[in-house]
Amino acid sequence: MSACFSKLESEALLHIAGPDTLKFLQGQTTCDTRKLTPTQALPGAYCTPQGRVVCDFLLVQLGDNHVVLRLRRDILDTAAATLGKYIMFSKADLDAARQDWMTIGCWGAGSAAALAAITGLELPGTINTAASGEGCIVVCCDPAQERYEVFIDSVNQPSLLEAVAQAMQPTAEAAWQAWQINAGIARVEAATSGEFVAQSLNYDLTGHISFNKGCYTGQEIVARLHYRGKPKQRTYLAELDSEMELPAGTALYSAGKEQSTGSVVNSATWQGKTCCLLATTAGAAEAGLELQGAGAKLHLLPLPYDLPG
């Protein structure tokens, strides 16, 4: 088959509903929720007042006054608890326990045709644009229109998931994660929640931050760094020519140095290799990075976007 799919078990959905939903998120997150529509999803992040990223997400509109934040499952409870401290003052409610909607990734040259046939939708064609149907939302993930994130109401529309499973080849979630890493999209995991400023994760380059939306939690730090400073670290793409477990937060070292010069943001093993995103300084990246005690050197690869000089 030329189309693959995977249930994204490492992802979870945080539901927020009520008339103040977008107003609440506008004052808390880095994205401009005024731009959210049924045909436009938004990447974003929630930061501490010190500008450290608690979680990243993709914001998707399910219905009137009802959205979901798709984020890593291991930080779902942290995100819900943190946002829950402030939402009590709004006409909106958080729900981290709903299990009716799920997320799958679909990719490959035949994925668009297969999804169009299954859903009856005219699929979106640019990054983060969306198409909505009965119990289904499809979000385009790459300019080649060969990768889609699909949100399915698996309770009320189970036939959609069954149709996907019949039309596409089931594949390990690691393949989806490896693509996301190679696209330079950093994800916040439990081990790194609250560790990085937004620019260290390249969120100013990947569309996660609006610099003209107004105030939100952490905005002063994020904006000051953008207009007046320079992040100490950036995220780089690297690869190991073998499969190795590299948990988020694993320390990185420059050759011959005893002090850590950065850490692993994300990693995935696929087809005999390990790809990873690394947060480190430009000087350390240029000098070469390795894993202490592992005898393994990381080979830097070009990102699909340019880092500022």
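# Close-up views of a predicted model

**View 1. Strand S2 meets strand S6.** Strand S6 (residues 93-95) is joined to S2 by three bridges, and the two run antiparallel. Two strands count as paired if DSSP finds at least two bridges between them. Strands (E, at least two residues) and helices (H or I, at least four) are DSSP runs, numbered from the N terminus. Across from Ile16 stands Leu94 in S6. This is a predicted model, in which local features need pLDDT of at least 70 and side-chain atom pairs count only at pLDDT 80 or more, while totals for chains, interfaces and linings use all residues. Residues are numbered from 1 along each chain as its sequence is written, and side-chain values use heavy atoms, with hydrogens and water left out.

**View 2. Strand S2 also pairs with strand S5.** Seven bridges link S2 and S5 in the antiparallel sense. S2 (residues 11-17) is largely enclosed by the rest of the structure, because six of its seven residues are buried. Buried means under 20% relative accessible area, exposed over 50%, and partly exposed in between (1.4 Å probe, protein chains only).

**View 3. Arg72 sits in strand S5.** S5 covers residues 66-72, and Arg72 is part of it. Glu11 is opposite Arg72. Is Arg72 buried or exposed? Its relative accessibility is 12%, so Arg72 counts as buried. Setting aside neighbours within four places in sequence, Arg72 is in contact with Ser10, Glu11, Ala12, Gln177, Arg187, Val188, Glu189 and Asn266. Contact means heavy atoms within 4.5 Å.

**View 4. Nonpolar residues gather in cores.** A nonpolar core is a set of buried Ala, Val, Leu, Ile, Met, Phe, Trp, Tyr and Cys residues joined through side-chain atoms within 4.5 Å. The largest has 45 residues. Which of them touch the most other members? They are Val53, Leu59, Leu69, Leu201 and Tyr203. Beyond four places in sequence, the contacts of Leu69 include Ala12, Leu13, Ile16, Phe57 and Leu83. A second, separate core has 21 residues, among them Phe5, Ile152, Leu161 and Met168. In soluble globular proteins, nonpolar side chains tend to be buried together.

**View 5. Six strands make an open sheet.** The order is S8-S9-S10-S7-S1-S11, with mixed pairing. S8 (130-133) and S11 (169-170) stand at the edges with a single partner strand each, so one side of each has no neighbour in the sheet. S1 (residues 4-7) and S11 run parallel, joined by two bridges. Phe5 has Pro170 in S11 as its bridge partner. Helix H3 (residues 111-119) packs on this sheet and touches S7 (101-107), S9 (136-140) and S10 (147-153). The directions of H3 and S10 make about 25 degrees. Axes are lines fitted to C-alpha atoms, for helices over the stretch in contact, and angles run from 0 to 180 degrees between N-to-C directions.

**View 6. Six strands close into a barrel.** The order here is S12-S15-S14-S13-S16-S17, and the pairing is antiparallel. From one strand to the next, the twist averages 45 degrees. S12 (residues 234-240) and S15 (residues 273-280) share seven bridges. Leu237 stands opposite Leu277 in S15.

View 7. H5 (residues 173-182) touches S12, S14 (262-270) and S15. The direction of H5 makes about 135 degrees with that of S14. H5 is mostly covered, with eight of its ten residues buried. Among them are Trp176, Trp179 and Ile181. Gly184 follows H5 and has a positive phi, near 75 degrees.
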